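Welcome! Please open the model in your viewer and keep the selection tool at hand, and we will walk through it stop by stop.

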Amino acid sequence: MTDTEPGGAAPGPPGPPARPPGPVPDGYVPREWLQQAGVPGAPSSPFPVQYDPTFAHLPQPPSVVPEGDLPFLDTPWVPPQTKRQAWMWLLYAVIGFLVGQIGALIFGYVAGAIAGKTSAQMAAIASASVPPEWYVATTLLGLWIGFIGAPWLASRTQGTRHFFRDLGVRFRVIDVVGIAIGIGGQILVAIMYAPFQHDIHDFNGPSQKLTGGSHGAGFVIIAIFTVLFAPAMEELFFRGLLLKGLVRLFTKMGAAGGARAAGVVLAVIVDGLLFGLAHGEWVQLAGLAVFGMILAAVSYRTGRLGMNMVAHASFNLVAIIAIATSGSAVIH
């Protein structure tokens, strides 16, 4: 039976070349990427290839993820690789933050409508110093839509589309050091505020607003949200997305020595300040910003988010324990 006989299969366009069997050797680059980059002598392809600027400038990808921890700028094949991509990552961060704020508002009011609350009651709950746990939980869920959506969009449109690799979501045994970093962060913040503790009005207000209205099962739910989910979402957004964009933007291509260090330090400081400002808690701004800078430095140095998430979770766990025992702590 030929292709023109009844029942024959119509010829279709040739598909992409099959991947060679076995592991991809180090240094292997698909010929489509070579063509997109305009490499002279690259073999022609039997099918059209759309130009994707994401891959045109990148070094050849490694066949495996590096075994050791490397600073972000020394990690091959991790976006953003250009200042244009860095600007796009920062734009996505702004959009994600705004979407999160709107999502928190919508989720809170939907939950209030389900609970039978009037508009006046919802306005009072939103401005209350100690809102109910259902309001806290639903607004956090709305906020996290933007916090995870922006990194996903950056990886999808301005990255390699490998979400966990692009954002640095990897864990190693050494990440248990993050426990000490988190506890040490709370101690450092306590030392910072110690001289002014008695002069600061309602220092525990932000922490009480997050957890103070919870009791029993409600407190457990808020604790889980605060210790497990909040650190993961915030690290994805502030260190996985925002910090990488800032580092690439402030560091010239190929910069080394003092020029490179200055760009990285500036990115770490800005990331920490934005982290503190994003919480909208002026009393605790200094403590949040300092701990944010510590997390940014750890993330840059390791090239991952694992140790950050452990440190962030430990920091919040200390705060939860302090609040449960009527103590004083910063939580975020």
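Which residues touch the most other members of the largest nonpolar core? Select W144, F147, L236, F237, L241, V247 and Y300: these are the ones, out of 41 residues in that core. Keep in mind throughout that you are looking at a predicted model.

Helix α9 contributes the most, with 13 residues. There is also a second, separate core, made of nine residues, and Y193, V298, A311 and F315 are among them.

Now zoom out for the whole chain. Of the 332 residues in the protein chain, 43% are buried. If you look at contacts between residues at least 6 apart in sequence, 72% of them join residues at least 24 apart.

**Stop one: F237**

Select F237 and show what surrounds this residue. Leaving aside neighbours within four places in sequence, F237 is in contact with A93, G96, F97, G146, F147, A150, P151 and L242.

**Stop two: where α9 meets α10**

Show just these two helices. How is such a pair described? Two packed helices are described by the angle between their axes and the distance between the axes. Here, the axes of α9 and α10 come within 9 Å and cross at roughly 145°, and the crossing is right-handed.

To see the contact itself, select E234, F238, R239, L242, L243, L246, V247 and F250 on the α9 side. Their partners in α10 are G263, V264, L266, A267, V268, V270, D271, L274, F275 and A278. Colour the contact by class and you will count 14 nonpolar, one polar and three charged residues.

**Stop three: aromatic pairs**

How many aromatic pairs does the structure hold? There are 11, and we will visit two of these pairs.

Start with W144 and F225. Their ring centres are 5.6 Å apart and their planes lie at 35°, so the pair is tilted. Because W144 lies in helix α5 and F225 in helix α9, the pair ties together parts that are 81 residues apart in sequence. Both W144 and F225 are buried.

Then move to F163 and F164. This aromatic pair is edge-to-face, with 5.5 Å from centre to centre and 80° between the planes.

**Last stop: A217**

Finally, return to helix α9 and select A217, which is found there. Is A217 buried or exposed? A217 is exposed, with a relative accessible area of 57%. Now draw a distance from the C-alpha atom of A217 to the C-alpha atom of E133. The two residues are 84 apart along the chain, and the separation of these atoms is 9.8 Å.

Definitions and conventions. Residues are numbered from 1 along each chain as its sequence is written. This is a predicted model: local features need pLDDT of at least 70, side-chain atom pairs count only at pLDDT 80 or more; totals for chains, interfaces and linings use all residues. Side-chain values use heavy atoms; hydrogens and water are left out. A nonpolar core is a set of buried Ala, Val, Leu, Ile, Met, Phe, Trp, Tyr and Cys residues joined through side-chain atoms within 4.5 Å. Buried means under 20% relative accessible area, exposed over 50%, partly exposed in between (1.4 Å probe, protein chains only). Helices (H or I, at least four residues) and strands (E, at least two) are DSSP runs, numbered from the N terminus. Contact means heavy atoms within 4.5 Å. Axes are lines fitted to C-alpha atoms, for helices over the stretch in contact, and angles run from 0 to 180 degrees between N-to-C directions. A crossing is left-handed if the near helix is turned anticlockwise from the far one by less than a right angle, and right-handed if clockwise. Ala, Val, Leu, Ile, Met, Phe, Trp, Tyr, Cys and Pro count as nonpolar, Asp, Glu, Lys and Arg as charged, and the others, Gly among them, as polar. Rings of Phe, Tyr and Trp (its six-membered ring) pair if their centres lie within 6.5 Å; planes under 30 degrees apart count as stacked, over 60 as edge-to-face and the rest as tilted.
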